[in-house]
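Hello,

Here is the structure I promised to hand over. Please take a look, then read my notes below.

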Amino acid sequence: MIFSVIADKFKGRHIVYKSIMCALTVTAVELAFGVVLNLVLKLDVWDYTNVPLNFLGQICLPFTLVWGLLGFIFLPLAEYINLKFNKFND
């Protein structure tokens, strides 16, 4: 859903820009949920403390880069789905 919203919100932007936005947005959402679920509620859903360049064990740079790479794959698909879905709303 995040990829779909970013694809729609930044239609005219280059895919690199949109992929960076996806990576940062997904990472921010992961941090927010991680703080609540893992640190506050102590559910221990995930733990990145052993992954290099992590922050509070909730997010890490390697996975942020993975989300950015996934943007290159899924943003065109999200744009296609948005285009098809929006045809029915016009």
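This is a predicted model: local features need pLDDT of at least 70, side-chain atom pairs count only at pLDDT 80 or more; totals for chains, interfaces and linings use all residues.

**What I found**

Overall shape comes next. The C-alpha trace spans about 45 × 25 × 15 Å along its principal axes. The radius of gyration is 15 Å, while a compact globule of 90 residues would have one near 12 Å. Of the 90 residues, 27% count as buried. The accessible surface is about 6,300 Å², and carbon and sulfur atoms hold 73% of that.

Now the core. The largest nonpolar core has 8 residues: Phe3, Ile6, Ala7, Phe10, Cys22, Val26, Leu75 and Ala78. The largest share, 3 residues, comes from α1. Leaving out residues up to four places away in sequence, Val26 touches Ile2, Phe3 and Trp67.

Two backbone angles deserve a look. Most residues other than glycine have a negative phi. Lys42 has a positive phi, near 55°. Lys42 sits in the loop between α2 and β1 (54-55). Is Lys42 buried or exposed? Lys42 counts as exposed because its relative accessibility is 60%, and the cut-off for exposed is over 50%. Leu56 also has a positive phi, near 60°. Leu56 lies in the loop between β1 and β2 (59-60).

Last, the charges. The chain has 7 positive and 6 negative charges, and their mean positions are 11 Å apart.

Best wishes

Terms used:
Residues are numbered from 1 along each chain as its sequence is written. Side-chain values use heavy atoms; hydrogens and water are left out. A nonpolar core is a set of buried Ala, Val, Leu, Ile, Met, Phe, Trp, Tyr and Cys residues joined through side-chain atoms within 4.5 Å. Buried means under 20% relative accessible area, exposed over 50%, partly exposed in between (1.4 Å probe, protein chains only). Helices (H or I, at least four residues) and strands (E, at least two) are DSSP runs, numbered from the N terminus. Contact means heavy atoms within 4.5 Å. The radius of gyration is taken over C-alpha atoms; the globule rule is 2.2 Å times the number of residues to the power 0.38. Accessible areas come from the Shrake-Rupley method with a 1.4 Å probe; for residues, only the protein chains shown count as cover. Lys and Arg count as positive and Asp and Glu as negative; His and the chain ends are not counted. The place of a charge is taken as NZ of Lys, CZ of Arg, CG of Asp or CD of Glu.
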